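Here are some friendly notes to read alongside the model. Keep the structure open and look up each place as we come to it.

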Amino acid sequence: MFKKFVKILNVSAGAVIAAALVLTPVQAKAQETETEAEETQYPIEIEHAFGTTVIAQKPERAVTIAFGNQDVALALGVVPVGFSAANYGVQDDSGMLPWTQEKLAELGCEEPNVFQDTDGLDYEAIADCDPDVILAVYSGLTEEEYNMLSEIAPTVAYPESAWTVSWRDWIRYTALGLGMQEEGEQLIAGLEDELAQKVAEHPEFTGKSFVWISFSEDDLSNLHAYAPIDPRCAFLIDDLGFTYPESVNELIDDGSYSLSLSAENADLLYDADFLIGYSSDSDYEAAKADTVLGNIPALQKGATVSIESGTPLSAAMTITPLSMEYTIDEYLDKIGEAVVKADEE
């Protein structure tokens with residue numbers, strides 16, 4: 001459970017510093033929540049995969065690295081003093097996805113500091129931000145990278161394993177790193193309510209199973225599946241109510257977020273009502289025409305969800321509070337169309 005990772009030490013209320021989280025005009029709102037700030041007690045200890053990070057006082061300058069971490073801070077009303085460029089799904093040269101740009105504009109930030117660090121962490125750029133906390137809750141940090149970042153500022157890494165944190169714990173750990181635990185729980189509750197309302201509009205989802213697997217017409221012999229622990233699949237299971245076939249799950253190593261399959265394993269996919277993946281419509285058509293893959297019931301029925309690689313929607317499959325709200329209607333409609341086809345005889 002989440003509580004096993006976090007311990008908030010008891011200190012006197014006088015030790016609390018009620019400063020704004022980021023030195024930008026939009027953080028004037030933080031000044032108005034002095035009462036809430038006083039309820040947060042420091043230091044905060046956050047246990048994660050590489051040890052324990054201590055937040056001694058309320059951060060004023062937050063940096064986020066790796067994909068999507070800036071979105072969580074922004075959803076909490078905090079503009080990072082620097083963050084990593086998105087390396088997937090971006091349609092312009094901004095290094096930002098549309099929901100990130102939209103939220104920055106809403107918060108009044110016209111010139112965000114974006115690191116072009118897709119070829120490796122830019123430690124110099126990070127240090128130049130003079131951060132007092134570095135957030136990398138959803139990331140693939142190595143222990144060496146974590147240690148180097150920790151020399152710059154307290155760094156919050158992923159709870160257990162790389163790239164597997166749920167969207168809820170992503171918010172919780174980020175909120176703790178920012179000294180905003182209560183606000184984090186409020187954000188989670190709001191998103192849960194919104195999701196519940198939207199899922200209720202899709203009764204056809206009930207009792208359906210899926211496998212997240214990608215086909216490529218350039219090479220149909222090798223397939224790549226994501227495991228239930230992966231956030232993409234976890235969202236479909238925990239929030240949308242779908243199940244994952246045991247025939248595939250039993251082949252996945254404990255703690256692994258993916259699995260490679262060959263076309264010869266196509267029969268493992270027979271138990272899935274629908275298939276979803278980073279495949280185009282033409283990829284699915286090629287797989288359907290294949291003498292082996294074409295026997296998969298979901299392919300035969302066209303019960304497939306195309307998340308074309310490189311699009312904003314494909315980037316939104318890494319669920320952040322901002323990407324969820326921006327794309328959820330499109331996503332659920334796509335799934336709904338596939339589920340209806342799965343029910344056809």
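1. Pro43 sits between helix H2 (34–39) and strand E2 (44–48). The peptide bond that leads from Tyr42 into Pro43 is cis, with omega near 0 degrees. Most peptide bonds are trans, and most residues other than glycine have a negative phi.

2. The average pLDDT of the protein is 89, and 89% of the residues score at least 70. Residues 1–37 are another matter: their pLDDT is below 50, although this stretch has 74 contacts in the model beyond near neighbours in sequence. Coordinates predicted with low pLDDT should not be read in detail. Please treat the contacts of residues 1–37 with that caution in mind.

3. Now for the overall picture. The protein has 14 helices and 13 strands. Of its 345 residues, 51% are buried. If you take the contacts with a separation of 6 or more, 71% of them are between residues 24 or more positions apart.

4. Which residues are closest to the centre of the largest pocket? The pocket holds about 530 Å³ of space. Its lining has 25 residues, and those closest to the centre are Ala66, Phe67, Asn87, Tyr138 and Trp163. By type, the lining is made up of 13 nonpolar, eight polar and four charged residues.

5. Is Ala66 buried or exposed? Its relative accessible area is 18%, and buried means under 20%, so Ala66 counts as buried.

6. Asp130 also has a positive phi, about 50 degrees, without being a glycine. You will find Asp130 in the loop between H5 and strand E7 (133–135). Because its relative accessibility is 54% and exposed means over 50%, Asp130 counts as exposed.

7. Helix H5 itself covers residues 123–128, and Glu124 lies in it. Glu124 is exposed, with a relative accessible area of 61%.

8. Thr53 shows what a buried strand residue can touch. Its place is in strand E3 (residues 51–55), and it is buried with a relative accessible area of 4%. The side chains of Thr53 and His48 make a polar contact at 2.7 Å. Setting aside neighbours within four places in sequence, Thr53 is in contact with several residues, including Ile44, Ile46, Tyr146, Pro154 and Val156.

9. Move on to Asp219, in the loop between strand E9 (210–214) and strand E10 (222–226). Asp219 is partly exposed, at 35% relative accessibility. From C-alpha to C-alpha, Asp219 is 9.7 Å from Asp283, a residue 64 positions away in sequence.

10. Where is Ser280? Ser280 is in the loop between strand E12 (274–277) and helix H11 (281–289). With a relative accessibility of 13%, Ser280 counts as buried. A polar contact of 2.9 Å links its side chain to the side chain of Ser282. Leaving out neighbours within four places in sequence, Ser280 is in contact with Ser306 and Glu308.

11. Ser314 is in helix H13 (residues 312–315) and is buried, with a relative accessible area of 1%. Its side chain reaches two backbone atoms: the oxygen of Glu308 at 3.5 Å and the nitrogen of Gly310 at 3.2 Å. Ser314 and Thr327 are 13 residues apart in sequence, with a C-alpha to C-alpha distance of 9.9 Å.

Note on methods
Residues numbered from 1 in each chain as written. Predicted model: local features only at pLDDT ≥ 70, side-chain atom pairs only at ≥ 80, totals over all residues. Heavy atoms only, no water. 1 Å grid on protein atoms, 1.4 Å probe; cavity = no way out; pocket = protein on both sides within 12 Å on 5 of 7 lines; lining within 4 Å. Points joined across faces, edges and corners; volume = space filled by probe spheres on them. Nonpolar A, V, L, I, M, F, W, Y, C, P; charged D, E, K, R; others polar. Helix = DSSP H or I, 4+ residues; strand = E, 2+ residues; numbered from the N terminus. Buried < 20%, exposed > 50% of the residue type's maximum accessible area, 1.4 Å probe, protein only. pLDDT = per-residue confidence, 0-100. Contact = heavy atoms within 4.5 Å. Polar contact = N/O pair within 3.5 Å; in protein donor to acceptor, adjacent residues only side chain to side chain.
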